Amino acid sequence: GAVVSQHPSWVICKSGTSVKIECRSLDFQATTMFWYRQFPKQSLMLMATSNEGSKATYEQGVEKDKFLINHASLTLSTLTVTSAHPEDSSFYICSARDGTSGGGDEQYFGPGTRLTVT
Amino acid sequence: AQKITQTQPGMFVQEKEAVTLDCTYDTSDQSYGLFWYKQPSSGEMIFLIYQGSYDEQNATEGRYSLNFQKARKSANLVISASQLGDSAMYFCAMREGWGGGADGLTFGKGTHLIIQP
């Protein structure tokens, strides 16, 4: 089955620093990847849609200069949280759609990255 | 208005009983997809079942079935013969549009299901 990995699984950083989270599709090509954020005991909220080779599309209310997304290849998208603050502490989950499947609507989710900003 | 509504914040169910998790949705699109995911305490999102808006038959995947009532905009998840390992958060989600791949999912607030022995 389709596998999506994320790295790191968890990260603790100091306020004001930047953190990069990687999302990889391991056995398929992902033309589109999605980044979600989940605060404790809440639902997943779509942050942005990442398309290979083009700029990401951000949801309303998500600061594109703070959450930098790069989808440089068909198997890798990165999310960089710049100048992180404690309120950015959250569970960040990526998902990927198999662009070569010729059909199928399923999005495959990564295991998530837990970010804690101190 | 919320696009996905899950009215059951939490449920306790006896092991081996069937359980229905409610989900209603709101969209003006004719083409959309409905999903159910399971999220155990580890945080991973586990895909359970999918229903397309044009699918005439209810989707089934093993012990999971989706009771799709299009006119009522309802997409309830039914788990038959519940097991202790079914204890988790369950999220209903929707993809609006034709599904070309450009659309992320909108999630409901989830239902915390606890299976009791």
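I began with the boundary of the two chains and found zero salt bridges between chain A and chain B, a salt bridge being a side-chain nitrogen of Lys or Arg within 4 Å of a carboxyl oxygen of Asp or Glu. I note that the model is predicted, that local features need pLDDT of at least 70 and side-chain atom pairs pLDDT 80 or more, and that totals for chains, interfaces and linings use all residues. Residues are numbered from 1 along each chain as its sequence is written, chains are lettered from A and ligands numbered from 1 in the order written, and side-chain values use heavy atoms, with hydrogens and water left out.

**Interface**

I looked up the contacts (heavy atoms within 4.5 Å): 17 residues of chain A touch 21 residues of chain B. The two chains bury about 1400 Å² between them, 53% of it on carbon and sulfur atoms; this area is the accessible area (1.4 Å probe) lost on putting the two parts together, summed over both.

I then noted five residue pairs in polar contact across the interface, both residues at pLDDT 80 or more. A polar contact is a pair of N or O atoms within 3.5 Å; within protein, one must be able to donate a hydrogen and the other to accept it, and residues adjacent in sequence count only if both atoms are side-chain atoms.

On the chain A side, β4 (30-38), β5 (44-51), β9 (90-98) and β10 (107-109) each supply at least two residues. The largest share, four residues, comes from β4(A).

**Chain A**

I recorded zero helices and eleven strands in chain A. Both are DSSP runs numbered from the N terminus, helices being H or I of at least four residues and strands E of at least two. The C-alpha trace spans about 45 × 25 × 20 Å along its principal axes. Buried residues (under 20% relative accessible area, with exposed over 50% and partly exposed in between; 1.4 Å probe, protein chains only) make up 48% of the 118 residues.

**Salt bridges within chains**

I found five salt bridges over all chains. In one of them, A:Glu22 meets A:Arg24 at 3.4 Å, N to O; A:Glu22 is partly exposed at 24%, and A:Arg24 is partly exposed at 33%.

B:Asp86 pairs with B:Arg63, the closest N and O atoms being 2.8 Å apart. B:Asp86 lies in the loop between β9 (74-79) and β10 of chain B and B:Arg63 in the loop between β7 (60-61) and β8 (64-69), so the pair ties together parts 23 residues apart in sequence. B:Asp86 is buried at 2% relative accessibility, whereas B:Arg63 is partly exposed at 23%.
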